[in-house]
Amino acid sequence: MNIRPLHDRVVVRRKEEEQTTAGGILLPGSVAEKPNQGVVVAVGTGRVLNNGEVQALAVSVGDTVVFGKYSGSNTIEINGEELLILNESEIYGVLEA
């Protein structure tokens, strides 16, 4: 099953949670924070402006993005994988190598 987000929405696969700290301490799942980075897996067609034109999104499939700690309250499970559905405005930036 695939998902095609509408308008200015973006589907993101969150990066894996850190299991250990920098000092090597093992963190149980209840203590580990959810990462605020992920990879874009699908994008909508763009934001519809007041004049009816469609503004293309600034992110594309495959981009690694940074989003807010409390962003992505809309989650969906597809093929056993939890994905976030974000508005483009909830994305702070794109990480580039």
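This is a short tour of the structure above, one selection at a time.

**Before you click**

You are looking at a predicted model, where local features need pLDDT of at least 70 and side-chain atom pairs count only at pLDDT 80 or more, while totals for chains, interfaces and linings use all residues. Residues are numbered from 1 along each chain as its sequence is written, and side-chain values use heavy atoms, with hydrogens and water left out.

**The whole chain**

Start with a cartoon view. The protein has 8 strands and 0 helices, so "helix" here would mean a DSSP run of H or I with at least four residues, and "strand" a run of E with at least two, numbered from the N terminus. Reading from the N terminus, the order is β-β-β-β-β-β-β-β.

Of the 97 residues, 29% are buried; buried means under 20% relative accessible area, exposed means over 50%, and partly exposed is in between (1.4 Å probe, protein chains only). As for contacts (heavy atoms within 4.5 Å), residues 24 or more positions apart account for 60% of those with a separation of 6 or more.

**Select the core**

Which residues make up the largest nonpolar core? Select Val10, Val12, Val40, Leu57, Val59, Val65, Phe67, Leu84, Leu86 and Ile91, 10 residues in total. The elements that give two or more residues to this core are β1 (9-14), β5 (64-67) and β7. A nonpolar core here is a set of buried Ala, Val, Leu, Ile, Met, Phe, Trp, Tyr and Cys residues joined through side-chain atoms within 4.5 Å. In soluble globular proteins, nonpolar side chains tend to be buried together.

Stay on Phe67 and show its neighbours. Leaving out residues up to four places away in sequence, Phe67 touches Val12, Arg14, Pro35, Asn36, Gln37, Gly38, Leu84, Leu86, Glu90, Ile91 and Tyr92.

**Hop to Asn36**

One of those neighbours of Phe67 is Asn36, which sits in the loop between β1 and β2. Asn36 is partly exposed, at 35% relative accessible area. Beyond four places in sequence, Asn36 is in contact with Val65, Val66 and Phe67.

**On to Gly93**

Next, pick Gly93, in strand β8 (residues 91-95). Its relative accessible area is 24%, so Gly93 is partly exposed. Apart from residues up to four places away in sequence, Gly93 touches Thr64, Val65 and Val66. From C-alpha to C-alpha, Gly93 and Ala58 are separated by 9.5 Å, and they are 35 residues apart along the chain.

**Find the salt bridge**

How many salt bridges does a search of the whole structure find? There is 1, counting a side-chain nitrogen of Lys or Arg within 4 Å of a carboxyl oxygen of Asp or Glu. Show the side chains of Glu81 and Arg13, which meet at 2.4 Å, N to O. Glu81 is in strand β7 and Arg13 in strand β1, 68 residues apart, and the pair links distant parts of the chain. Both ends are partly exposed: Glu81 has a relative accessible area of 28%, and Arg13 has 35%.

**Two backbone stops**

Most residues other than glycine have a negative phi. Asn79 has a positive phi of about 55°; find Asn79 in the loop between β6 (75-78) and β7, exposed at 65% relative accessible area. His7 also has a positive phi, near 50°, and lies in the segment before β1.
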